[in-house]
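Dear colleague,

Please find below the structure that I am handing over to you.

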Amino acid sequence: MTMNDVDARMDRLRRAARYRYQQLVDSEIERGSLDPDEVREERRLLKAADVAAHARAQIEEAERRGVFEGNPYHGKPLPGIDGQHDPDWWIKAKIEREDIRGIAPPALALRTEDAELDGALDALSTEADVRDVLVDFNARVKEARRQLLGGPPVVTPLREVDAEVARWRERREARLASAAQAAQALRQQERPRRWWRRRS
């Protein structure tokens, strides 16, 4: 007899016992010896216990089959469950997991953009483009500080355009110098070596 046969037999026995119990309770209610409200509450508790037992049995069966193998959270608490209920937990998790941008409140979006701004500026090749990006960023920070759309307060600082352009120039020159050194080292490695040496 396999485990599935045993489980099926136990399930049939449980259903039969539940049916007999139901018949007894109904007959006692008809006689008037049981309070229907008490019976209703007891049925609710039994049903909840049945659901819990069924869930435990399903989990144990899945563990036996190895369904949870390789699951990083198996036997551990799920992340983000700190005892406080947040009705928007699922959308916040999706935004973070899929790195969705453009729908966060301006205060949060600007904070993220401010943290990544140097990298975005370094990808630009002309000073005029760098100035345009900085002017646009500062304008959006000023607009968000007016709080016309509501949301958390904006704490992102404005960027000094001339100082940021100077820093961009320094970073660019350092990158170019580093690239030139790497190219020089590569050229030196590629020079053909003489297979003979003059003896002195």
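At what angle do the axes of helix 4 and helix 6 cross, and within what distance do they come? They cross at roughly 60° and come within 10 Å. Axes here are lines fitted to C-alpha atoms, for helices over the stretch in contact, and angles run from 0 to 180 degrees between N-to-C directions. Helix 4 and helix 6 are therefore oblique to each other; angles under 35 degrees count as roughly parallel, over 145 as roughly antiparallel, 65 to 115 as roughly perpendicular and the rest as oblique.

Please note that this is a predicted model, in which local features need pLDDT of at least 70 and side-chain atom pairs count only at pLDDT 80 or more, while totals for chains, interfaces and linings use all residues. Residues are numbered from 1 along each chain as its sequence is written, and side-chain values use heavy atoms, with hydrogens and water left out.

The chain has six helices and zero strands; both are DSSP runs numbered from the N terminus (helices H or I, at least four residues; strands E, at least two). Of its 200 residues, 12% count as buried, that is, under 20% relative accessible area with a 1.4 Å probe, protein chains only.

Between helix 4 and helix 6, Asp 118, Leu 121 and Asp 122 of the former meet Glu 164, Arg 167, Trp 168, Arg 171 and Arg 175 of the latter, contact meaning heavy atoms within 4.5 Å. By class, this contact has two nonpolar, no polar and six charged residues. Ala, Val, Leu, Ile, Met, Phe, Trp, Tyr, Cys and Pro count as nonpolar, Asp, Glu, Lys and Arg as charged, and the others, Gly among them, as polar.

Helix 4 (residues 106–122) also packs with helix 5 (residues 127–145), at an angle of about 165° and with the axes 11 Å apart. That makes helix 4 roughly antiparallel to helix 5. Among the contact residues are Leu 110 and Leu 117 of helix 4 and Val 133 and Phe 137 of helix 5. This contact of helix 4 with helix 5 has 10 nonpolar, no polar and three charged residues.

Helix 5 packs in turn with helix 6 (residues 161–190), at about 140° and with the axes 10 Å apart. Helix 5 and helix 6 are therefore oblique to each other. Their contact includes Arg 131 and Asn 138 of helix 5 and Asp 162 and Trp 168 of helix 6. Six nonpolar, one polar and five charged residues form the contact of helix 5 with helix 6.

Yours sincerely

Definitions and conventions. Buried < 20%, exposed > 50% of the residue type's maximum accessible area, 1.4 Å probe, protein only.
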